[in-house]
Amino acid sequence: MSRLLLCGFEPFGHDSVNPALKIIEQLEGQTLALPNGSSDSVEIRTCRVPVTRYAAIESVVEAIERHAPDTVIMLGQASGRSAITPERVAINLDDYRIKDNGGHQPVDEPIEVAGPDACFTTLPIKAMVNDLQAAGLPASVSYTAGTFVCNHLFYGVQRHLADSPIRSGFVHIPALPEQSLDGRLPTMSLESLLEGVRVLCISAMTHQQDVRIGGGNISYVSPASRHALQCRLSHFWQVDTMTPETHILVLYTGGTLGMVESEQGLVPAGDFDARLRAALEDLPPSRRGRLPAFTLREFPQLIDSSSATPADWQQIAGEIADAYDSFDGFVVLQGTDTLAWTASSLAFQLKGTARPVIVSGAQLPLEADGSDALANVELALTAAAQPTLNEVVVAFGGQLLRGVCTRKWYTQDHRGFTTPNAPLLGEWVDDRVVVYPGRLMDDQGPAFELPDYACLGQDAVIRLPLYPGISAESVRVQLLRSEVKGAVLELWGSGNLPADAELLGVLADARGEGKLLAGISQCPHGPVSIGHYAAGAGLATIGVLSGDDMTLEAAFTKLLHLVALNQDEDWQRERFLMPWVGERASGLL
Ligand code: ASP
């Protein structure tokens with residue numbers, strides 16, 4: 001196994017976070033498999049680097065001695081850049097525009113007296129950029145690492161390793177969404193950055209030689225060159241492809257984004273069309289001008305989504321189906337508590353939609369200080385106008401997520417949601433929506449299925465989470481009721497169950513009564529593989545369906561949908577196992 005040292009800077013200037021540090025904290029100790037049938041893998045060790053002249057170099061040199069890596073990649077934040085940018089060259093110059101964290105502010109001083117003017121990276125940076133772009137991430141080679149501590153460290157480490165076989169280089173990464181409080185700074189989500197850094201590491205370890213591709217630019221990524229690059233790479237990502245006549249239907253169902261304070265706390269409130277249009281007036285004219293026209297329909301009963309039921313999902317899907325031919329895209333605004341459930345259910349009901357169906361909400365009411373509501377609505381409206389989004393998408397916290405793979409992840413953080421097993425479909429970069437076409441569903445043509453969920457009654461599908469000490473009796477009481485037609489079993493790890501013959505007997509009885517049972521994992525990441533351990537083998541024998549890496553929300557809403565379609569059991573079982581709308585995400589990461 002080879003070893004890679006990943007170095008990341010601490011926060012500096014006015015920032016209390018540095019994406020580089022967050023990345024190394026998450027990747028420490030991970031092992032990445034190398035592609036192309038190679039049995040080799042790379043182990044990642046990390047080094048936290050102080051943003052202080054000389055101390056930065058010392059800390060990395062010390063980490064190189066400790067870990068004896070084959071390759072060193074140093075990561076630093078470049079505020080203002082919107083792409084991942086491997087650096088070509090370090091220059092022998094310190095010219096700090098602000099003090100470093102040690103209070104030093106050298107101006108026009110050499111890093112190494114009588115050292116060479118410049119040192120080049122020894123990483124295969126063009127191959128790395130190529131691989132990042134192939135993974136759908138914005139990336140380009142940079143020809144200036146600046147004149148602050150990043151360049152200082154880069155120069156110092158290249159000098160230290162000048163006669164060594166260890167390859168090394170520096171990569172600048174964009175800021176995180178949370179660092180752009182006024183929304184002006186280009187940012188990249190932590191998820192995309194992590195994905196990008198994994199790609200960088202694998203690429204650096206895989207390519208012994210760099211590829212020969214013409215490159216070079218005048219400034220690192222000017223808006224014009226960025227736009228040109230984006231056009232050239234439109235296969236990998238696309239920026240805002242809306243046409244001027246686009247008209248969106250917005251369905252407002254309630255939720256925090258439209259709530260107001262009452263004596264009992266936040267309650268849903270109406271008149272949202274006027275309130276939203278007034279708020280949109282606060283956007284800069286250039287951004288307002290890029291929004292599509294929209295018609296807003298307010299649901300007669302505005303709810304806190306914690307009270308939503310499958311009948312509400314049916315009503316939303318029905319409204320969209322009825323209006324499908326009259327609008328170019330749809331936005332559903334609702335509360336965040338059950339937003340992932342709505343999005344998952346809509347994905348099954350509106351299978352094959354050739355128009356974007358965007359589900360969004362907010363952590364704070366529209367009129368609250370520091371609210372995320374307006375930014376989320378702007379993102380949702382812009383996404384709803386993108387003709388390449390042929391699916392149900394959650395737009396939240398600057399990210400576009402496959403609806404059927406989405407989970408609520410934070411109670412308060414503006415990011416709100418994540419797709420633990422699926423990559424981002426797009427994100428908000430430089431005040432624009434960027435989508436990654438290679439990750440989107442193909443246009444398969446609408447094949448809506450809108451069965452009656454309301455007539456199923458309550459508890460047609462239930463969830464049964466395992467917990468240590470669970471009794472067969474408690475499962476029997478919940479599962480063997482006549483109204484229960486299906487259940488999602490939330491199993492341990494890769495699909496295990498306690499060794500309790502009575503418990504398995506209850507599940508077998510339920511199967512004998514024709515109830516649909518599906519197993520998913522309680523781990524957020526990765527699939528179940530039922531029967532891999534003896535502890536789960538009984539589940540396979542009695543016919544528990546594998547939920548693979550589906551989310552709880554997807555497994556539950558799919559079971560409910562199949563039960564409502566009311567076909568025979570074999571058909572239901574076959575349809576459950578068949579991927580429909582990207583709900584089985586395996587292989588996408
Ligand atoms: N309880 C609220 C709801 O789901 C929370 C929110 O909107 O974020 O409607």
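Select Ile-358 first: leaving aside residues up to four places away in sequence, Ile-358 touches Phe-330, Val-331, Val-332, Ala-380, Ala-383, Ala-384, Leu-389, Val-393 and Ala-395, a contact being heavy atoms within 4.5 Å. The model is a predicted one, in which local features need pLDDT of at least 70 and side-chain atom pairs count only at pLDDT 80 or more, while totals for chains, interfaces and linings use all residues. Residues are numbered from 1 along each chain as its sequence is written, and side-chain values use heavy atoms, with hydrogens and water left out.

Next, display the largest nonpolar core, which has 90 residues. Such a core is a set of buried Ala, Val, Leu, Ile, Met, Phe, Trp, Tyr and Cys residues joined through side-chain atoms within 4.5 Å; buried means under 20% relative accessible area, exposed over 50%, and partly exposed in between (1.4 Å probe, protein chains only). Val-331, Leu-346, Ile-358 and Leu-400 have the most contacts inside this core. Its largest share, 10 residues, comes from α15. The core also draws at least three residues from each of domain 2 (247-439) and domain 3 (454-577), with bounds from an automatic or database domain assignment. Apart from it lies another core, of 36 residues, including Ile-23, Leu-176, Leu-194 and Ala-204.

Now select residues 552-565, helix α15. Helices (H or I, at least four residues) and strands (E, at least two) are DSSP runs, numbered from the N terminus. The 14 residues of α15 reach 20 Å from first C-alpha to last, close to the 20 Å expected at 1.5 Å a residue; the expected span is 1.5 Å times one less than the number of residues. Because 14 of its 14 residues are buried, α15 is largely enclosed by the rest of the structure. Asn-566 follows α15 and has a positive phi, near 55°.

A search of the whole structure finds zero disulfides, a disulfide being a pair of cysteine sulfur atoms within 2.5 Å. Cys-47 is in none, and the nearest cysteine sulfur, that of Cys-7, is 4.6 Å away. Cys-47 is buried, with a relative accessible area of 7%. The sulfur of Cys-405 is 17 Å from the closest cysteine sulfur, in Cys-523, and therefore too far for a bond; Cys-405 is buried as well, at 3%.

Finally, show the entire protein chain, with its 16 helices and 25 strands. Of its 589 residues, 55% count as buried. Its C-alpha trace spans about 85 × 60 × 50 Å along the principal axes.
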